[in-house]
Each structure stands twice: as C-alpha cells, then as structure tokens.
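Work through the exercises below with the sequence and the model open. Try each task before reading its solution.

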Amino acid sequence: MSAPGHDFYGQGPRRVQELLGTRRLADHIAQRYVADRLDDTAAGIIEAADCFYLATANAAGAPDCSYKGGLPGFLKILAPDQLMFPSYDGNGMFRSLGNILENPRVGILIIDYEKPIKLRINGEAQVSQNPEQLQIFPEADAVVLIRTTEVFENCPRYLHEMGQRRHSDYVPRPGHVPPDPEWKLKSEYEGLVRLRNQRPDQVP
C-alpha cells in the first residue's frame, strides 16, 4: 500500500507516541497499511456496509459526528479515490452538510461487527444536487462526494458482539414508502416538516 503524500501524524500524536514509546510501531503501520485510495479489501467492506459514522467540523473546528444508515451499496465507490453517499430526509438541521460547506475535511468510520473489522477513511467532501447523481438514490435531498486522502483499517479487538441486525423500515428503497417517524407526527411540528402520510388526527 502507498502511504499518503503528507505526514500522517501531527505534532499531538507524535508527542504521545514519544511519551508512550510507540513511535516505531506507529511509523510501521503508517508506512505499510495507510493508503490514499481504496484497495480490493476496503472496497469489499464499503460495498457491504449498511451504515457508517461521519465526522465533520465547521470553519472554527467545532466537531460533529453523525450516524448514516441505508441499504448495502448506499456508500458508493465512484473511483479508487472517490466515494458518494446520499443525504436522506432528517430533522432539518443539516449539521453535516453545513459543516462540509464550511470545512470539506471529513472522516468516516465503518464497522463490521461480524468479521470484525473497522475501516477508517479520511478525505475532502463536497455537497452536490446534480440531478443525475440524485437519481441514483431514491428520495435523496443531496449527495456527498468524497475524495479519499487516508484509508486504513483499525484494530477491532474492543468491538462488542452484536445481535442480528435488521434494516430500518425508514430507509428509502425502490417500491417501498417509508412511514413517517413518530416525532414528525407531534403537534409541535405541524407545518414545519414534510410528511409522506397524513397525521392520524387528519385522517377522515
């Protein structure tokens, strides 16, 4: 694997490595296992993923972390150094997308609890409403494009054993109309949210 074309570790990690005596180990991992694009192993993990965690930060550096879920394949590989995923209807805050407009640097964590595997991807993102890209993902409001800069697996030893997972009924998919979430049906949100179905008190 080819290492990224920049120092993978900043001054903070280097100070801790020196303090705890792990610098040689850290250098070995960075040189051997950190790449700037996706290999076949990483691609397989991504194509099977039905969820991931997205880290963003605003212009001032204030961080945010968001869970993204969909059907396998919703995190789509466009090229060895390019990814794309949809932004589905949510609570309207758009903290992740808004942060990307201010600061394009993002981090992705994919966890496969069954294997177990942790895959980390860092890169630069942009928000798009290109009609051709939106057509790929039913009901997406926008898509996020990512150019990868760092791709590496993490030690999975502390992952807990998880039970059988079931895909959420709220995930958009062809031939399926997701129900409205309970919070949208509360009277305090009337006139503020998009509803697919009528509120119970509006049904004749």
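Buried means under 20% relative accessible area, exposed means over 50%, and partly exposed is in between. The model is predicted.

**Exercise 1. Backbone exceptions**

Task: Find where Phe94 and Glu139 lie, and decide whether each counts as buried, partly exposed or exposed.

Solution. 
- Step 1. As background, most residues other than glycine have a negative phi, and most peptide bonds are trans.
- Step 2. Phe94 is not a glycine, yet its phi is positive, about 50 degrees. Phe94 sits in the loop between strand E4 (82-87) and helix H4 (95-102).
- Step 3. The relative accessibility of Phe94 is 43%, so Phe94 counts as partly exposed.
- Step 4. Glu139, also not a glycine, has a positive phi of about 70 degrees. Its place is the loop between helix H5 (131-134) and E7.
- Step 5. With 37% relative accessibility, Glu139 counts as partly exposed.
- Step 6. For the peptide bond, turn to Lys115 and Pro116: the bond joining them is cis, with omega about -10 degrees. Pro116 belongs to the loop between E5 and E6.

**Exercise 2. Strand partners**

Task: Starting from Ile111, trace the bridge partners into E6 and then into E7.

Solution. 
- Step 1. Strand E5 (residues 105-112) and strand E6 (residues 117-128) run antiparallel and are joined by 8 bridges.
- Step 2. The partner of Ile111 in E6 is Lys118.
- Step 3. E6 and E7 also run antiparallel, with 11 bridges joining them.
- Step 4. The partner of Lys118 in E7 is Asn154. The trace therefore goes from Ile111 to Lys118 and on to Asn154, within strands that are DSSP runs.

**Exercise 3. Cysteines**

Task: Count the disulfides, using a cut-off of 2.5 Å between cysteine sulfur atoms.

Solution. 
- Step 1. A disulfide is a covalent bond between the sulfur atoms of two cysteines.
- Step 2. Applying the cut-off gives 0 disulfides.
- Step 3. For Cys51, the nearest cysteine sulfur is that of Cys65, 12 Å away, and Cys51 is in no disulfide. Cys65 is likewise in no disulfide, its nearest cysteine sulfur being that of Cys51.
- Step 4. Cys51 counts as buried at 11% relative accessibility, whereas Cys65 counts as exposed at 55%.

**Exercise 4. Aromatic rings**

Task: Describe the aromatic pairs that Phe8 forms with Tyr9 and Phe152.

Solution. 
- Step 1. A pair of aromatic rings is described by the distance of the centres and the angle of the planes.
- Step 2. The whole structure holds 6 aromatic pairs. One of them, Phe8 with Tyr9, is edge-to-face, at 4.9 Å centre to centre and 65 degrees between the planes.
- Step 3. Phe8 with Phe152 is edge-to-face too, at 5.2 Å and 85 degrees. This pair links distant parts of the chain, 144 residues apart: Phe8 is in the segment before H1, and Phe152 is in strand E7 (residues 142-154).
- Step 4. Phe8, Tyr9 and Phe152 make up one aromatic cluster. Tyr9 is buried, with a relative accessible area of 13%, and Phe152 is buried, with 8%.

**Exercise 5. A surface patch**

Task: Which residues form a nonpolar patch on the surface with Leu20?

Solution. 
- Step 1. Leu20 is in helix H1 (residues 11-20). Its relative accessible area is 62%, so Leu20 is exposed.
- Step 2. Val16 and Leu19 form the patch with Leu20, and together the three have about 350 Å² of accessible area.

Methods
Residues are numbered from 1 along each chain as its sequence is written. This is a predicted model: local features need pLDDT of at least 70, side-chain atom pairs count only at pLDDT 80 or more; totals for chains, interfaces and linings use all residues. Side-chain values use heavy atoms; hydrogens and water are left out. Patches are made of residues with over 30% relative accessible area and no salt bridge: like charges are joined within 9 Å, nonpolar side chains (Val, Leu, Ile, Met, Phe, Trp, Tyr) within 5 Å. Accessible areas come from the Shrake-Rupley method with a 1.4 Å probe; for residues, only the protein chains shown count as cover. A salt bridge is a side-chain nitrogen of Lys or Arg within 4 Å of a carboxyl oxygen of Asp or Glu. Helices (H or I, at least four residues) and strands (E, at least two) are DSSP runs, numbered from the N terminus. Buried means under 20% relative accessible area, exposed over 50%, partly exposed in between (1.4 Å probe, protein chains only). Rings of Phe, Tyr and Trp (its six-membered ring) pair if their centres lie within 6.5 Å; planes under 30 degrees apart count as stacked, over 60 as edge-to-face and the rest as tilted. Two strands pair if DSSP finds at least two bridges between them.
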